[in-house]
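Look at the sequence and the structure below.

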Amino acid sequence: MILAPRRDGGLERGRGQMFGSIVVGTDGSGTATQAVREAVDMAKAVGATLELVSAYAPVSEQRLRAERRDAPEDVQWAINPRQEVEASLSDAADMAREAGVKVNTYAREGDPAEAILDVAEEQKSDLLILGNKGMTGAKRFLLGSVPDKVSHHAPCSVLIVRTT
């Protein structure tokens, strides 16, 4: 592949932009933040839009009602299954915006690998960036890791960043 510099300092291939849309998954952990940093750097270098994805597990309505009841009245509205995911996405989006990268965020209920793949397909993304750290031990072999699942089913290229 031949890359050519653009006027804005990014790179392009052939007749079009090298990567127009880059998806990165995050759970707010330190290793995920490393992957987000790599994705921000890549998006900035090539002038791509960054698509930030985070998944959350469904929580029963009974548990949510109990948590809201026990919380101070002024924050009860914020207690929902997406609460932590929204905070992680907001922090990662701020990092991208500070670097001058256009960013979109997606909080999805369910399996993290499925969420990442869904957004990549919906946005017709050109690249997925993931951290290599995932589950370890027997759980990894029974359930598989997010990078493993994504790399086998991705609709585009995948870059797995060494974060450990």
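## Lysine 149 and its partner

Lysine 149 counts as partly exposed because its relative accessible area is 29%, between the limits of 20% and 50%. Its side chain meets that of aspartate 111 in a salt bridge, with 3.5 Å from N to O.

The model is a predicted one. Aspartate 111 has a further contact at the start of H4, where one of its side-chain oxygens comes to within 3.2 Å of the backbone nitrogen of alanine 113.

## The other salt bridges

The structure has three salt bridges. In one of them, the side chains of glutamate 122 and arginine 108 meet at 2.7 Å, N to O. Here too distant parts of the chain are linked, with glutamate 122 in helix H4 and arginine 108 in strand S6, 14 residues apart. Glutamate 122 is partly exposed at 44% relative accessibility, and arginine 108 is partly exposed at 22%.

Another salt bridge pairs the side chains of arginine 97 and aspartate 94, at 3.6 Å from N to O. These two are about one helical turn apart, because three residues separate them in helix H3. An α-helix has 3.6 residues a turn, so residues three or four places apart point the same way.

## Helix H4

Helix H4 covers residues 112-122, and its buried residues are Ala113, Ala115, Ile116, Leu117, Val119 and Ala120. Among the elements that cover them are S4, strand S5, strand S6, strand S7 and helix H6. After H4 comes lysine 124, which has a positive phi near 50°.

Methionine 42 lies in helix H1 and is partly exposed, with 25% relative accessibility. Leaving out residues up to four places away in sequence, methionine 42 touches Phe19, Ile22, Leu127, Ile129 and Leu159. The C-alpha atoms of methionine 42 and isoleucine 129 are 9.5 Å apart, although 87 residues separate the two along the chain.

Serine 88 belongs to helix H3. Serine 88 is buried because its relative accessible area is 14%, which is under 20%.

## Confidence

The protein chain has a mean pLDDT of 78, and 66% of its residues reach 70 or more. Among the elements, strand S4 has the highest mean (95) and helix H5 the lowest (44). Over residues 135-143 the pLDDT is below 50.

Terms used. Residues numbered from 1 in each chain as written. Predicted model: local features only at pLDDT ≥ 70, side-chain atom pairs only at ≥ 80, totals over all residues. Heavy atoms only, no water. Helix = DSSP H or I, 4+ residues; strand = E, 2+ residues; numbered from the N terminus. Buried < 20%, exposed > 50% of the residue type's maximum accessible area, 1.4 Å probe, protein only. Contact = heavy atoms within 4.5 Å. pLDDT = per-residue confidence, 0-100. Polar contact = N/O pair within 3.5 Å; in protein donor to acceptor, adjacent residues only side chain to side chain. Salt bridge = Lys/Arg side-chain N within 4 Å of Asp/Glu carboxyl O.
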